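Have the sequence and the 3D view ready. This report goes from single residues to strands, helices and cores.

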Amino acid sequence: MMDECRICGSTDIQFDKELQSIISDKLLRYFICNHCGTIMESADDTPKYEEESLFNSPSSIKYYVETGAGLFFIALQIQLIKNILERKFSSVPVNMKYLDVGTGFGFSIYLAQQLGLDAVGVEPSGMGKIGSEMLGIKSIIPGYLENSNLPESSFDIIVSSEVIEHVREPDIFVQNLHKYLAPEGFILLTTPNADVAFPGQNVEEEWLAEYAPGLHLNIFSPHSISLLLNRNGFEDVKIFFSEGSSGKKRMILVAAREKGTLPDNLDWNEVPASTKTLLKNSLRNLVATKEANNQQDDVYSGALYRLVDLLVNAGDYQESQKYAGQIDRIIQSTGFNQDSLLSIRANSFEEYVKQVPAYIGYYYFYKGMICLNHTKNYQEAINNFQLASYLCKLQGDIGYLGGIKWHFQAKIHEGIALLYSGNRTAAIQLFNDLLKQVDVIPKDIIDSLYWSKGIAHLQSRENNQALQSFQELLVNCPEYPQAALQIITALNQSIEDLQNTVTDLQKTVKNLQKQIKS
């Protein structure tokens, strides 16, 4: 039972829910503060992140570096820092002191160094040691910030991403950040947003991730995190939001001691586009460095996959093909090919990633996109999407978050590839089979299914079926404006077909009249 809020001290708190810990067999109780909006886990024990066994199994590290690490989100923070520095100094000053508290594997340090910052990290878990070796970084210090020998009041930028929600006493944590910050410096924090951590506001996978039972102790609202920062010496606070189906799943906070320290003209909307360029360049450099040192390890493999991901999504298929070829050689080295992968089996996450790269199901989806949109080899696209759907289904069955969504995404694109190849009948049959599973298809991709089925019917001039598909699309996704346009197209085709039928009948009648007269 909790008597008062850890953040604001209010006694106006209520029981929220009970959840099973993801790292033990304990049931954990959560409470909500009605005054500041913080969600708190009530247990007194805190995870010991310095324990080697908690997050550092070989399979977990392999998954993390190959696909699990949120590199775009990490790069987003670096890009925001770059924007702040450019507005304050017109360019990024050389060798500014950068500290990452809870740096994990160290990708943030690597990206900050790419920007020209003098970057140091502290990390209590064994991930820091592993990351420093695999990334070639010598500036990750094992342990906690308060136990380090780092000089106080010396860092221009202090970053702590997805850490403060794990801390039992957040006031002490923020005070420590304040202690090591240079007088004119600023901190950047990221943390889940309690305002969207409720069923109904996001898909279940998202709001459960906010709680992370057994790991997250305090889930802050924008109001409560501002209270915390203000009372611990940070008067200039700016809050941005990112990710999730709402676009507000995570908070990104930048804070300085005195008001006016941070630029007023920060435009969050311009950050994501610039981030893609920053991340692509950093990954290219990482791949080139690994190749120069003949280190084709999991970090190298993951960098290749992430480049394929970024480039395909940007429509840069030419360069993506280069990196896809390198991934193909990695897959061949595992002893598998596209045919034998269809028979791969695994009963657990560990068994799966021991056999193949952790990203393999997602990779074949992107390879299918290259064939579909670039090389125009539609049969090869079909083969790749079939393999992607099989592997992603397997990933979902053994507990990969998002695996099932990627399975259905790949099946829909298999149907699109069939459509492009001219096999409309097979495409429509595939779409109809998928609609039998509509209750388990993620809502955010159901629009793609109705759209693709409607287009297939239009091309087959099955106008009534097309109308039905686009009407279903409007019902399920009313914000989909193209659906209304396709309904008009289907109606126009129906009118054309009716006119053609009338014309044919008129010709038949005239011929009959001629025959009768003769």
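## An exposed arginine

Arginine 345 is exposed, because its relative accessible area is 54% (buried means under 20% relative accessible area, exposed over 50%, partly exposed in between, with a 1.4 Å probe and protein chains only). Arginine 345 lies in the loop between α10 (317-333) and α11 (349-355). Helices (H or I, at least four residues) and strands (E, at least two) are DSSP runs, numbered from the N terminus.

This is a predicted model: local features need pLDDT of at least 70, side-chain atom pairs count only at pLDDT 80 or more, and totals for chains, interfaces and linings use all residues. Residues are numbered from 1 along each chain as its sequence is written, and side-chain values use heavy atoms, leaving out hydrogens and water.

Which residues does arginine 345 touch, leaving aside its neighbours within four places in sequence? They are Glu351, Gln355 and Tyr390; contact means heavy atoms within 4.5 Å. With tyrosine 390 there is a side-chain polar contact of 2.4 Å. A polar contact is a pair of N or O atoms within 3.5 Å; within protein, one must be able to donate a hydrogen and the other to accept it, and residues adjacent in sequence count only if both atoms are side-chain atoms. The arginine 345 side chain also reaches the backbone oxygen of serine 343 at 3.1 Å. Leucine 394 is 49 residues from arginine 345 in sequence, yet 7.9 Å away in space, C-alpha to C-alpha.

## A buried threonine

Now look at threonine 190, in strand β8. Threonine 190 counts as buried because its relative accessibility is 0%. Its side chain makes a polar contact of 2.5 Å with the side chain of glutamate 162. Beyond its neighbours within four places in sequence, threonine 190 is in contact with residues including Phe73, Gln77, Ser160 and Met251.

## Strand β7 and its partners

Strand β7 (residues 155-161) is mostly covered, with five of its seven residues buried. Strand β4 (residues 97-101) runs parallel to β7, joined by three bridges. Six bridges join β7 to β8 (residues 181-192), also in parallel. Two strands pair if DSSP finds at least two bridges between them.

Follow isoleucine 158 in β7. Leucine 99 is bridged to isoleucine 158. In β8, the bridge partner of isoleucine 158 is isoleucine 187.

## An open sheet

Four strands form an open sheet in the order β1-β2-β3-β9, with antiparallel pairing. β1 (13-20) and β9 (218-219) stand at the edges with a single partner strand each, so one side of each has no neighbour in the sheet. Inside this order, three bridges join β2 (residues 27-33) to β3 (residues 39-41). Phenylalanine 31 stands opposite methionine 40 in β3.

## Helix α7 and the cores

Helix α7 (residues 222-231) has buried residues, among them Pro222, Ile225 and Leu229. Their cover includes α5, β8, β10 (236-242) and β11 (250-256). After α7 comes glycine 233, with a positive phi near 100°.

The largest nonpolar core has 116 residues, and Tyr98, Leu117 and Tyr352 have the most contacts inside it. A nonpolar core is a set of buried Ala, Val, Leu, Ile, Met, Phe, Trp, Tyr and Cys residues joined through side-chain atoms within 4.5 Å. A second, separate core of 34 residues includes Val120, Phe173, Phe220 and Leu229.
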